[in-house]
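Keep the structure open as you read.

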Amino acid sequence: MNPIRIGQESGRANAVIEAAGAWLLAALWILPLAYALWAAIHPSAYSAHFIPNAPLTVQNFVTAWNAAPFARYFLNTFLLVTMILATQLVLCTLAAYAFARFAFFGRDIAFIIVLLQLMIMPDVLIVENYRTMSAFGIVDTIPAIGLPYMASAFGIFLLRQTFKGVPRELDEAARVEGAGPLQVLLKVYVPLAKPIYIAYGLVSVSYHWNNFLWPLIVTNSVNTRPLTVGLQIFASTDQGIDWSVITAATLMTSAPLLIAFLLFQQQFVQSFMRAGIR
Amino acid sequence: MNAAAEPIARGLAEEAGRMPPPAVGPVAPRTSPTRGAPIGLSAHIHGWLLLLPAAVLLVTFTYYPAVATIIDSFFSTPKGRRNAAFIGLDNYQAMLDDPVFWRALGNNIVYAASVIPLTIALALMMAILINGKIAGRPFLRLSFFTPTVLPMIAVANIWLFFYSPGYGLLDQFLGVFGFATHNWLGDEHTALACLIVVAIWKDAGFFMIFYLAALQQMSPQLAEAAAIEGASRWYFFRRVTFPLLMPTTLFVLINAIINSFRLIDHIVVMTRGGPDNTTALLLFYIYEVGFKFWDTAYAATLTVVLLALLAFLALGQFLFLDRRIHYQ
């Protein structure tokens, strides 16, 4: 056998080993979710007892849904995420436009100060922000959960980069036709930045859907708690730990994002990539 | 995003100008930078007016609280009718004498030093596996990335079940090999390691996609040339792939460091800092002091340490990336 043949054979063997390793790793990675799914769709007697013909049930989901005001939590999270995203889009668009196209006094310093928020983020300023919310008298309201995140340095940065890539000729053409600064922004810049808006939107929605610590601190009633906090309170109350019901509730709260992700996988991955590096 | 989608620090890496901004429309011929843009007084007014709404919120909820944290750390906690009094460095002295603070700081360092390199190594490995010609790539990518979109709070519940002594999956699996059951989260020797595993599992797939994006931009001719030269795959990785991925690694590293100080959701669910503070991280301790013991001045003092850590990091990053950053 000539050496090249040997090289190919060992290469093939390596490829098989590599594929096996990759599949093993992937199986490990999906295991917690698979495990939760198993527990959620079988009666609790089978939650840690794996036999192929275990009976299926939706009872765990029904029990979980009735045991806590999940409908209200869903509504709260939906309102929260929508409110944050809508405000972020408006504020970040305006600020990014200023940074990209207006040579105003102190612009460069202001931009560096804005970027500081990328490191000094609201997530660690919980003590002072709670005090501010108390002073405003808005503790335990949905806007209080969202306010610290509405002016997002990340969003401003992302849109500024995008706006700077828009050819000035388009801007000028609109101005020649008599459009003011805001009209130029709406007619020229915003439409061209659509993919970035989608990417930012997905990232923002998944971030705030999943956010936990600050909502936990600033809410204390059913009418304001988002899903993450509601789930935690549901899972930690000492009503006898029924893992099947807890996993059902866990899957339920993650379901909207998970299903959206499964349907638009490519879009999600690309958005996260686009928002991260470009 | 938690942990999914951490929109933190990603910006600076991007500012480093690794790749050009997206081509929107036809490439414009070079023109004078001020042509067409408003100039003079109206530029100042319009610019500041556009920035104003965002600036008000940033000042109120980021810059003011950061400064107020520092100021409050020099005062006592107001109790009942007693107002906060200036006490100089007493809070800092108390902090230095507080064994739980040192414990939390030490835990956080162990946690970061384990989570960061392991997550990055795994993310890189996953990206290289998926970038190759391997069967079932869509499934592999799906399973690696899925933890990213799930709330940390939800997956922590699943992992809690996973680790539960006796009937949890881990004990059941080990039981097959004759190991005795073990209280993974209740034992001070294993609790922090269990949380480290969860953190790695959550973020590796997230960082993988950045590596994947970078790998897909690399010219396949490099690998072909190396193959003709007879370079081994390991040699090629060490001398070509890894150095070329350096900007991505730096970016991922910054995100990983920030996450290791910012994300404590799994601790709230799984251990609440126990047993005996072996899993208390810095932010978790701040949360406990501030919102369980309501000692806000001391919580502010602890926050100053966390802010100093983050600021130090920001500074290092700024100096490190300095050469390639151009603000214009």
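Start with the domains of chain A. The assignment gives domain 1 (3-61) and domain 2 (69-276); such bounds come from an automatic or database domain assignment. The C-alpha centres of these two domains of chain A lie 35 Å apart. Where they meet, domain 1 of chain A gives ten residues and domain 2 of chain A gives nine. Contact here means that the C-beta atoms of two residues, placed from the backbone, lie within 7 Å. On the domain 1 side, α1 (3-40) and α2 (59-67) of chain A are the elements that give two or more residues. The largest share, four residues, comes from α1(A). Helices (H or I, at least four residues) and strands (E, at least two) are DSSP runs, numbered from the N terminus. This side of domain 1 of chain A divides into six nonpolar, four polar and no charged residues. Ala, Val, Leu, Ile, Met, Phe, Trp, Tyr, Cys and Pro count as nonpolar; Asp, Glu, Lys and Arg count as charged; the others, Gly among them, count as polar.

A word on conventions. This is a predicted model, in which local features need pLDDT of at least 70 and side-chain atom pairs count only at pLDDT 80 or more, while totals for chains, interfaces and linings use all residues. Residues are numbered from 1 along each chain as its sequence is written, and chains are lettered from A and ligands numbered from 1 in the order in which they are written.

Now chain B. Its assignment gives domain 1 (65-77 + 84-89 + 295-314) and domain 2 (108-280). Their C-alpha centres lie 33 Å apart.

Next, the contact between the chains. Chain B brings 96 residues and chain A brings 99. On the chain B side, helix α2 (residues 41-72) of chain B gives the most, with 18 residues. That side of chain B holds 70 nonpolar, 20 polar and six charged residues.

Look inside. The largest nonpolar core has 177 residues, and A95(A), I156(A), A123(B), M208(B), Y211(B) and I286(B) touch the most other members. Such a core is a set of buried Ala, Val, Leu, Ile, Met, Phe, Trp, Tyr and Cys residues joined through C-beta atoms within 7 Å. Helix α8 (residues 191-217) of chain B gives the most to this core, with 18 residues. I156(A) touches residues of both chains, among them F99(A) and A54(B), not counting residues up to four places away in sequence.

Follow α8(B). This helix has 27 residues and reaches 40 Å from its first C-alpha to its last. That is close to the expected 39 Å, which is 1.5 Å times one less than the number of residues. A kink of about 30 degrees is centred on A204(B); the bend is the angle between axes fitted to the seven residues ending there and the seven starting there. Of the 27 residues of α8(B), 21 are buried.

I196(B) is in this helix. I196(B) counts as buried because it has 20 C-beta neighbours inside 10 Å. The cut-offs are 20 or more other C-beta atoms within 10 Å for buried, 12 or fewer for exposed, and partly exposed in between, with C-beta atoms placed from the backbone. Beyond its neighbours within four places in sequence, I196(B) is in contact with Y111(B), S114(B) and V115(B).

Finish with D276(B), in the loop between α12 (265-270) and α13 (282-291) of chain B. Its phi is near 55 degrees, a positive value in a residue other than glycine. D276(B) is exposed, with 11 other C-beta atoms within 10 Å.
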